[in-house]
Amino acid sequence: MTFFKQKSELLPERRGGLVSVFDSPGRVDNAFRVVRRGRRFGRFIKLRFRHSVFVLAALFLIYSATFGFKVFFNGNMDSNLLTSQEMQQGSSNVVEPQQESSNVVKPPIKHRKQHPPCKVEFLESFNDPVEPKDFMNFTQFSLEYIDKEDKPFGSNMYKPRFGGHQTLQEREKSFYAKNQTLHCGFVNAPPGFSSTGFDLDEKDKTFMSTCKVVVSSCIFGSSDFLRRPTKKLISDFSQKNVCFVMFVDDQTLSTLSLEGNNPDDGGYIGMWRIVTVRNMPYKDMRKTGKVPKFLSHRLFPSSRYSIWLDSKMRLQVDPMLIIEYFLWRNRSEYAISNHYDRHCVWEEVVRNKLLKKYNATAIDEQFIFYQSDGLTKFDPSNPNNPLPSYVPEGSFIIRAHTPMSNLFSCLWFNEVDRFTSRDQLSFGYTYLKLRRINPNSPFYLNMFQDCERRSMAKLFRHRQLSPPAVT
């Protein structure tokens, strides 16, 4: 035992812990017994832990084997269900709105089909274009347009509309190819009411009234980048004589400015003459975009020809070459491509509802109305079909501003104004009804292949989707 000194006294040193335990032989056995128990307990914990891990792994494998394959087969079932739904809708005459909405299946994720362009036999050059003799000698009649409406007497619920308030009786009469005054947008409000929309600066109106040949497009809601035509592919004649007009709203104009695209003193950005539209006539930007798309004969009252292309496209062919090939050479007054994938309105209805392109109830109401008025399915096996497709790809339209072409454009716009903004749903109905009512007044519409459309312009994706439709 060790001693140390404190205040001149020798005291024994105190030890604790394991040292004191092993100091006495009687405590040594107890210490080793404690250690052995600890080791045995540790081995027991390890065994239990390994057993638990094994059980969890086995459960995970069983779950994966069961539900993993189920998910896989569900993917195939979804795809098969989509196909069967489309076939089912295509085989029925009337769509059941409630049943359709309850059975909507989300489309399977799949890669987009590739649709390459094809060669178009344009002329090599066209520096001095001459319109063919008697080209405009199509069906002749006179069209005038309703430019104002009076407030109904005693009505407190009246609200002015850009498209006016066309009755069903007026709508039916408007399909006849004869001298008439019809609704075709730009209906002014009665005194005391605000503008119905699509207001333009007087300076822009003056410029637009001088255009004889027009290439136009629009960007509303900053939904796209500004795609400038490929200038080196545009002839000197077209650069001097064709009006390239891009309609924008204030939001798009601000976005263009932030991106460094500011109109010059003449209002141009590259080849595009920028025309700002104020006071949008519709809350749905897609429907507002149909105004310049369909009503170029109203926006450009002196023009003889117009080409419309969506803002997601960049023009890569001289516009006069396009007019020569699709109108002059084919002796047509209206040209539009068929849809790249669908040809029957029944298929288009199902697809629009499936992808939620518009309110499903509104689509059903429009579709049922069309069926009740004689719309029939497209039969690809019928060689006597008036068109190769009843569903167009409406992003590229070439027009001669003839009476029949202008009438068709007004009728198509009125359908979009009355129903949904999905113009592919109303194209086939409008064309077939116009043709049926006027058997002795032919409308020379050239529906060309979609691959030809892709050869004229480069396609891009939209920068962002337009705001959802307000219904």
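Because F122 lies in the loop between α3 (97-102) and β3 (143-145) and F326 in helix α11 (residues 319-328), the pair ties together parts that are 204 residues apart in sequence.

The model is predicted: local features need pLDDT of at least 70, side-chain atom pairs count only at pLDDT 80 or more, and totals for chains, interfaces and linings use all residues. Residues are numbered from 1 along each chain as its sequence is written, and side-chain values use heavy atoms, without hydrogens and water.

An open sheet of mixed pairing has eight strands in the order β7-β8-β6-β5-β9-β12-β11-β13 (strands are DSSP runs of E, at least two residues; helices are runs of H or I, at least four; pairing requires at least two bridges). Strands of this sheet include:

| Strand | Residues |
|---|---|
| β5 | 213-219 |
| β6 | 242-248 |
| β7 | 268-269 |
| β13 | 445-448 |

The edge strands are β7 and β13. Strands β5 and β6 run parallel over seven bridges, and S217 has M246 in β6 as its bridge partner. Helix α7 (residues 250-258) packs on the sheet and touches β5, β6, β7 and β8 (heavy atoms within 4.5 Å).

Note on methods. Axes fitted to C-alpha atoms, helices over the stretch in contact; angles between N-to-C directions.
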